[in-house]
Amino acid sequence: RAGDYRFEVITTPGHDDWHICLYEPQEKILIAGDHVLERITPSVLSWMTPYDALKEYLTSLDKVRDLDVDLILPGHGSPFTGVAARVDYMKQHHFERLEELYQLVAEGHTSLIDIARSAQWKHPDWDGWTLDQKFYSLGETFAHLIYLVNEGRITMTITQNKRRFYVADQWEVRRK
């Protein structure tokens with residue numbers, strides 16, 4: 001409660017595993033934090049193999065998509081409207097990124113750094129990026145690769161602390 005407002009807490013892990021949104025159904029307000037942003041997609045990072053941050057994020061998007069919302073208050077940027085359209089756009093963005101990374105693996109890119117370096121980013125020349133930009137791109141790339149591993153589309157191996165990614169069918173052939 002805040003004054004006359006009665007917010008419902010909606011757990012929305014993915015951007016962070018502790019993330020929540022606050023929904024006020026009477027006033028049709030969604031305090032979205034970093035979950036739904038108008039102009040950018042929030043970073044969805046993963047560093048641990050068992051944690052599928054992207055799956056959690058996509059599931060969390062579904063929790064807010066069909067809410068009756070007239071005003072979205074994001075953690076960054078100006079208030080906006082159209083939660084369903086924005087959620088659909090962000091999900092499509094991630095599905096396109098998944099396909100792009102799958103194709104990079106299919107082309108023979110096997111290391112996390114090589115895959116992240118070869119991906120199409122908003123700003124080209126990955127090698128010229130600052131260290132923090134590379135850190136975030138590696139975390140986002142890894143989150144997408146873990147999703148693909150859990151979907152059975154690619155396989156990850158770990159040998160001498162080095163992760164390598166292969167299209168699942170290619171890995172089956174390599175093991176024989």
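The following questions and answers concern a predicted model of a protein.

Me: How many helices and strands are there in the protein?
Reply: Because this is a predicted model, local features need pLDDT of at least 70 and side-chain atom pairs count only at pLDDT 80 or more, while totals for chains, interfaces and linings use all residues. Residues are numbered from 1 along each chain as its sequence is written, and side-chain values use heavy atoms, with hydrogens and water left out. Helices (H or I, at least four residues) and strands (E, at least two) are DSSP runs, numbered from the N terminus. The pattern along the sequence is β-β-β-α-β-α-α-α-β-β-α, and the protein has five helices and six strands.

Me: What length does α2 reach from its first C-alpha to its last?
Reply: Helix α2 has 24 residues. Just after α2, Gly108 takes a positive phi of about 110 degrees.

Me: Is Ser46 buried or exposed?
Reply: Ser46 lies in the loop between β3 and α1. Buried means under 20% relative accessible area, exposed over 50%, and partly exposed in between (1.4 Å probe, protein chains only). The relative accessibility of Ser46 is 1%, so this residue counts as buried.

Me: Which backbone oxygen does the side chain of Ser46 reach at 2.9 Å?
Reply: A polar contact is a pair of N or O atoms within 3.5 Å; within protein, one must be able to donate a hydrogen and the other to accept it, and residues adjacent in sequence count only if both atoms are side-chain atoms. The side chain of Ser46 reaches the backbone oxygen of Met48 at 3.4 Å. At 2.9 Å, the side chain of Ser46 reaches the backbone oxygen of Tyr51.

Me: Which residue has a side chain joined to that of His94 by a polar contact of 3.0 Å?
Reply: His94 is in helix α2 and is buried, with a relative accessible area of 2%. Contact means heavy atoms within 4.5 Å; leaving aside neighbours within four places in sequence, His94 is in contact with residues including Thr41, Leu54 and Tyr57. The polar contact of 3.0 Å joins the side chain of His94 to that of His144.

Me: Why is the pair of Trp121 and Trp129 described as it is?
Reply: Rings of Phe, Tyr and Trp (its six-membered ring) pair if their centres lie within 6.5 Å; planes under 30 degrees apart count as stacked, over 60 as edge-to-face and the rest as tilted. The rings of Trp121 and Trp129 have centres 5.8 Å apart and planes at 70 degrees, so the pair is edge-to-face.

Me: Over which ring does the charged end of Arg97 sit?
Reply: A charge sits over a ring if NZ of Lys or CZ of Arg is within 6 Å of the ring centre and within 35 degrees of the ring normal. The charged end of Arg97 is 4.3 Å from the centre of the ring over which it sits, that of Trp121.

Conventions: The expected span of a helix is 1.5 Å times one less than its number of residues.
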